[in-house]
Structure formats: C-alpha cells, structure tokens
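Visitor: Could you take me through one part of this model up close?
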Amino acid sequence: MSEKFAIILESGTMDKLMAASILTAGAAAMGKDVTVFLTFGGLNAFKKGAAQQAPIMPNEFKGMEQMMGQIMQAKNVPHWLENFKSAQEVGSVKFLACSATMEMFDLKLSDLEPIVEEVVGVAHFIQESEGAQTLFI
Amino acid sequence: MTSVLNQTQLTKEIDARGSFCPGPLMELIRNIKTANIGDTIGVLSSDKGSITDIPAWAAKARHELVGIQDVNGDIKRIVVRKTH
C-alpha cells in the first residue's frame with residue numbers, strides 16, 4: 001500500500017489555497033495518495049470558474065489584492081487551481097466535498113470545478129484518510 | 001560531477017527557468033512519463049527548491065540522479081536518467 005497524505009482545506013483565502021495546492025502537488029509528486037477534503041471556505045473556492053474569480057485575501061494582506069494579482073502575473077505564478085490540476089496529472093489526488101457545507105450553501109456537485117469527485121460526509125473522509133499525514137489548512 | 005555531466009548526452013532538456021516550486025519537478029515528471037528507459041533528461045531551473053526537490057523525487061521514484069550543474073548564476077541544470 002502506498003503512503004497517504006490528506007488535507008482538510010477549510011480556508012478560501014488565496015494564500016492558503018496556494019499553500020495547499022503546492023503541498024498537494026509535492027505530495028502527489030512524491031508518490032503519496034492524496035485526499036483533499038473541501039469544507040466551508042475551501043469548498044466555496046472550488047465553485048465553477050474558480051480561476052476567474054477575484055482572490056480573497058486574508059486580513060494581513062487586505063487591500064493588496066490588486067498588487068498581488070500584478071506580482072503573480074509578472075512572475076508567472078500559476079493559479080492555485082492549476083497546481084491542483086498538475087498534482088492530479090502526476091499522481092493520485094482525490095477532491096472530496098463536505099456534504100454539510102454543500103447543503104449550507106445550496107451547492108450541487110455540478111456547481112463545482114470538475115476535479116471535485118464526490119460529495120461525502122466527514123466519517124467517509126476520516127476512513128479515507130486513516131493513517132495519512134494530515135493537515136488542516 | 002561536471003565531467004560526468006559533460007559526457008552525458010541529454011535526450012531532452014526542459015527549460016523550467018522562471019517556474020515556481022514545484023513547477024520544474026512537475027515538468028520533469030511529465031516528461032519522464034513519456035520518455036524511454038535509459039533517456040537522460042536535463043531540467044534548467046531558477047527555483048532554489050529544485051536542487052533538493054528533484055534529487056528527493058529521483059530517490060523516491062527510483063530514477064538515477066546523474067548530477068547537478070551550475071549554468072549561470074542561480075540557474076542550475078539537474079540531470080536525471082529514467083531507469084525503469
């Protein structure tokens with residue numbers, strides 16, 4: 001059995017989405033089976049058209065949205081969604097949507113980016129991530 | 001290391017300069033997938049993580065790290081041979 005890596009992605013701010021996407025890509029590259037459980041802000045960020053949405057910045061970067069956008073463009077930093085997609089290309093990465101958040105925000109699986117595979121409850125994620133190196137972001 | 005590298009004929013060179021961590025590694029993995037066994041692939045990278053990332057990946061994926069070469073300033077060439 002290969003080793004596992006899991007992320008509970010709760011934050012929808014750009015800095016944390018970026019960090020989670022890079023960690024996911026790295027873990028997938030290193031041959032881990034990765035499960036990303038999307039909940040609350042993290043799930044909202046995965047609504048269809050995510051790459052076209054204006055980024056949400058955390059408090060410490062408030063007011064810097066435009067500047068960050070310019071820096072990222074000038075330096076050719078890939079969008080976090082692209083990092084997640086490359087992770088899926090090189091390895092085994094599964095995106096699971098939290099059923100409670102889906103109901104709270106009236107979302108259907110078809111409202112989300114197609115890389116999100118399934119809507120599941122928390123117990124399913126706990127089972128899926130058993131023995132995994134797990135992060136809450 | 002450099003003399004070994006000079007004698008190594010590269011099958012392909014990936015120009016990943018300007019790409020951010022883990023971009024150069026991801027490019028290498030994509031190329032290794034479609035390469036033939038025995039192919040030698042070089043990655044040009046300006047990302048400082050690549051010189052630790054690519055050797056770690058090569059060890060894990062059981063490919064051969066041929067070497068790391070200084071190219072120009074912060075640019076390195078990391079060479080990997082596909083072994084299986």
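How many residues of chain A are in contact with chain B, and what can you tell me about helix H3 of chain B?

Guide: A quick note before we start: this is a predicted model, where local features need pLDDT of at least 70, side-chain atom pairs count only at pLDDT 80 or more, and totals for chains, interfaces and linings use all residues. Residues are numbered from 1 along each chain as its sequence is written, with chains lettered from A and ligands numbered from 1 in the order in which they are written.

Now, 11 residues of chain A are in contact with 11 residues of chain B (contact is C-beta atoms, placed from the backbone, within 7 Å). On the chain A side, H1(A) gives the largest share, four residues.

Ser50(B), Asp53(B), Ile54(B), Trp57(B) and Ala58(B) are buried, with 20 or more other C-beta atoms within 10 Å of their own; exposed is 12 or fewer, and partly exposed in between. Down the helix axis, the buried residues of H3(B) fall within an arc of 125°, so they line one face (the arc is taken over directions from the axis to the C-beta atoms). These buried residues pack against H1 of chain A, plus H2, S2, S3 and S4 of chain B. On the other side of H3(B), Thr52(B), Ala59(B) and Lys60(B) are exposed. After H3(B) comes Arg62(B), with a positive phi near 60°.

Notes:
Two residues are in contact if their C-beta atoms, placed from the backbone, lie within 7 Å. Helices (H or I, at least four residues) and strands (E, at least two) are DSSP runs, numbered from the N terminus.
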